[in-house]
Amino acid sequence: MNGPLEKYAPLFGKTGTWCTVLADAGTGTVVSQESVDVRPAQVADALRAAGAEDADARAAEEALRPEEGLPSPVARLLLVRNGTVELDRVLPGERVENPYISVGVIPDLLPLVRHEGSDLPVITANVDRSGADIVLSYARPGMEGRQATEEHTTEGSTENLKKVPGGGWAQGKYQHRTEEIWRQNADEVAGEIDRLVEARRPALVAIGGDQRARDLVFSQLSDHSRAIAATVDSHTRAAGADPEVMTAAVERLLAEKQAHAQHQLLERLEQEKDHPNPRAVFGIGAVVRALQQAQVETLVLSDQLAPDPGAGNTATDQGGRQTRELVVLDEAPWIAAAEDEVAGARVLGRAAAAAALLRAAVLTDATVELLPAAAIPGGAEAAAVLRWGAGQA
């Protein structure tokens, strides 16, 4: 999950008071339009009550607006500092029951972890023997529809495209020429897919269309592309083809990949738990110490430590707010359990444990995963897979 988050790392270098707002951005219905109209002012008042400066509250109020053209659920994430909106992200598919508000010394990127961690780049290729329609989009397991960001069409040679039954030496030569055209067209499509895979690092390549064409394209992909590719059993480029066939296939394939990746991570944690020199640690204290040494390869946060910020978690709902806090620092080691562990760095203040751990992970180039606490060995609130063994210096 580091790919989606690393571009936000510069935000952690900016000091000051940060306001994080996650709110519903749906346009509402006639019945709910009134609540849509008053929502920005309510959020601004909640920010002030949580300790935000008036300039920050006003900036958030002005930025909060319904997002036209996107079906509900849809949310808006704002990061505000010094009266300026530093980040304004629309999160399609994100359901927010009540606004989530945080005012503190660091921005809270947990909503992005939840959203972008499951918002995966996917390449779909609808192929026939003349070429392909190739689309790079972002899909979320469990959410219908994808947002296309790049579209490419390849059209190869159509000379002698169809085989004609017959016999004799000339006919055999003709058939051979047809096969060669098919192969060349497939090679062009595979090359375009390989270029997109190299540039965009998708989670999945789904190839649908004419069976012979998709098999040829699949066989000519690079080893890296083929490792993340799958064929879809439907002629998706034919006139009148149902696009939902590809959508359903992508949903299924993504869900399988996500489940497999989580299973592998949990298996690795379980295997390392009782190892004499484990490459995994469990519990907030052990994870903090590993992060201080830039030892963490993958940070695992439980839903107990990092609950869904869009589910009833508000600035005034003190019972739903995180109470565990950690010390955040202005330079390496970035995080500490207490002020006497700062190693010469300047203390910025204290922040919710999940947000502080996430910040340290991003700043030390670790990936981040969210898992149910019940699935993590020992029910730990946090865990980490390490770059080297816990007992190694």
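**Figure 1. Overview of the secondary structure, with 10 helices and 16 strands in the protein.** The model shown is predicted. The protein has 393 residues, and 46% of these count as buried. Among contacts between residues at least 6 apart in sequence, 67% join residues at least 24 apart.

**Figure 2. An open sheet of 4 strands, in the order S3-S2-S1-S4.** Strands of a sheet pair through backbone hydrogen bonds, either parallel or antiparallel. In this sheet the pairing is antiparallel. S3 and strand S4 (100-104) are the edge strands, each pairing on one side only. On average, neighbouring strands of the sheet are turned by 10 degrees against each other, with direction ignored. Helix H3 (residues 54-63) packs on the sheet and touches S1, S2 and S3. The direction of H3 makes about 155 degrees with that of S2.

**Figure 3. Strand S1 (residues 18-24) between its two partners, S2 and S4.** S1 runs antiparallel to S2, and 7 bridges join the two strands. Within this pairing, Ala23 stands opposite Arg76 in S2. Trp18 has Arg81 as its bridge partner in S2. Towards S4, the pairing of S1 is again in the antiparallel sense and extends over 5 bridges. Here the bridge partner of Trp18 is Gly104 in S4. Of the 7 residues of S1, 6 are buried, so the strand is largely enclosed by the rest of the structure.

**Figure 4. Strand S2 (residues 74-81) and its burial.** All of this strand is covered: 8 of the 8 residues are buried, so S2 is largely enclosed by the rest of the structure. Val74, Arg76, Leu78 and Val80 point one way from the strand. Ala75, Leu77, Leu79 and Arg81 point the other way. The residues of both sets are buried.

**Figure 5. The hairpin of S2 and S3, with 2 residues between the strands.** S2 pairs with strand S3 (residues 84-92) in the antiparallel sense, over 8 bridges. Two of the bridge pairs can be followed by name. Val80 has Val85 as its bridge partner in S3, and Arg81 has Thr84. In this hairpin, Asn82 takes a positive phi near 50 degrees.

Figure 6. The relative accessibility of Arg81 is 14%; since buried means under 20%, Arg81 counts as buried. Leaving aside neighbours within four places in sequence, Arg81 is in contact with Lys14, Thr15, Thr17, Trp18, Asp56 and Glu86. On the S3 side, the bridge partner of Arg81 is Thr84.

**Figure 7. Packing of helix H9 (residues 284-292) with helix H10 (residues 353-363).** Two packed helices are described by the angle between their axes and the distance between the axes. The axes of H9 and H10 come within 10 Å and cross at roughly 25 degrees. Angles under 35 degrees count as roughly parallel, and H9 and H10 are therefore roughly parallel to each other. Their crossing is left-handed. H9 contributes Val287, Val288 and Leu291 to the contact, and H10 contributes Leu357, Ala360 and Ala361. The residues of this contact comprise 6 nonpolar, no polar and no charged.

Figure 8. H10 is mostly covered, with 10 of its 11 residues buried. The buried residues are Ala353, Ala354, Ala355, Ala356, Leu357, Leu358, Arg359, Ala360, Ala361 and Val362. Among them are Leu357, Ala360 and Ala361, which H10 brings to the contact with H9. Asp365 follows H10 and has a positive phi, near 60 degrees.

Notes:
Residues are numbered from 1 along each chain as its sequence is written. This is a predicted model: local features need pLDDT of at least 70, side-chain atom pairs count only at pLDDT 80 or more; totals for chains, interfaces and linings use all residues. Side-chain values use heavy atoms; hydrogens and water are left out. Axes are lines fitted to C-alpha atoms, for helices over the stretch in contact, and angles run from 0 to 180 degrees between N-to-C directions. Angles under 35 degrees count as roughly parallel, over 145 as roughly antiparallel, 65 to 115 as roughly perpendicular and the rest as oblique. A crossing is left-handed if the near helix is turned anticlockwise from the far one by less than a right angle, and right-handed if clockwise. Contact means heavy atoms within 4.5 Å. Ala, Val, Leu, Ile, Met, Phe, Trp, Tyr, Cys and Pro count as nonpolar, Asp, Glu, Lys and Arg as charged, and the others, Gly among them, as polar. Buried means under 20% relative accessible area, exposed over 50%, partly exposed in between (1.4 Å probe, protein chains only). Two strands pair if DSSP finds at least two bridges between them.
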